[in-house]
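Dear colleague,

I am handing over the structure that you will find below. Please read the notes after it alongside the coordinates.

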Amino acid sequence: MENTTGKSTRSLALLIGIIDRPRATLTEVLAHPRWKWLLPALLCLGATALLLLVSAEELSQQAAQQQAAAMQALGDQMQAMTESQQEQMRQQMARFSSPLFLGATAFVTGAIGLLIGWLLTAGILFIGLAIGGEGVKYAPLVAAVSWTWLPFALRSGVDAGWALVTGAVRVNPGLSYFLSTGDPLVDAGDPLWLLAGQVDLFTLWHMVLIYALVKAA
């Protein structure tokens, strides 16, 4: 019991420390990396799941609109199908645009993307530090990088809270407002709009933490 309480206390101290003393906190993670990635992973995945839970219905509606537009574009091919084939296609599209399917797919994709993001970022830092003559091991870097992702977990939590309060998901996050056409379907297919949506205070905080990690290493 004391061991478990001690671990919880240390995790809470690290969580507070990443805000007011990030360099010292990341130094602690680098020195004792074992299982230090677990809390950031739970927070990031939990925030993602919460955001998907409150926005799954709206995502489903957007997917249904996209599918309807695709079916209209295939007008001639649709007319060449039999009634049963058309009905089968509609059922498949409805299944793929259901909130459960979209939410589960987005969560799995987000979890994989989270892992890849941590590994790639740690790899870049590992190579850069090695070139600079700093012999930091790769595994501790991965654990420390996970803590620099906490601003994104907070962003997902804020977005989920916004959706709960207003009943709608934020349409133009970050700087994407300046590139928005007003049509969510068109904007979703614009890489520049997607990139601009990631530029906000949470990304700035993330970059500050990355800098603190480099200094800690």
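Predicted model: local features only at pLDDT ≥ 70, side-chain atom pairs only at ≥ 80, totals over all residues.

Residues are numbered from 1 along each chain as its sequence is written, and side-chain values use heavy atoms, with hydrogens and water left out.

The chain holds eleven helices and zero strands, where helices (H or I, at least four residues) and strands (E, at least two) are DSSP runs numbered from the N terminus. Of its 217 residues, 32% count as buried, a term that means under 20% relative accessible area, with exposed meaning over 50% and partly exposed in between (1.4 Å probe, protein chains only).

Helix H7 (residues 138-148) is largely enclosed by the rest of the structure, because nine of its eleven residues are buried; among them are Pro140, Leu141, Trp147 and Thr148. H7 packs against helix H11 (residues 201-216) at an angle of about 150 degrees, with the axes 9 Å apart; here axes are lines fitted to C-alpha atoms, for helices over the stretch in contact, and angles run from 0 to 180 degrees between N-to-C directions. H7 and H11 are therefore roughly antiparallel, the class for angles over 145 degrees, as against under 35 for roughly parallel, 65 to 115 for roughly perpendicular and the rest for oblique.

A search of the whole structure finds one salt bridge, defined as a side-chain nitrogen of Lys or Arg within 4 Å of a carboxyl oxygen of Asp or Glu. Arg155 forms this salt bridge with Asp200, the closest N and O atoms being 3.0 Å apart. The pair links distant parts of the chain, since Arg155 is in helix H8 and Asp200 is in the loop between helix H10 (191-196) and H11, 45 residues apart. Both Arg155 and Asp200 are buried.

Turning to the loops, His32 lies between helix H2 (22-31) and helix H3 (38-73) and counts as partly exposed, at 45% relative accessibility. The C-alpha atoms of His32 and Ala144 are separated by 9.8 Å, although these residues are 112 apart along the chain. Leu179, in the loop between helix H8 (150-166) and helix H9 (184-188), is also partly exposed, at 39% relative accessibility.

With best regards
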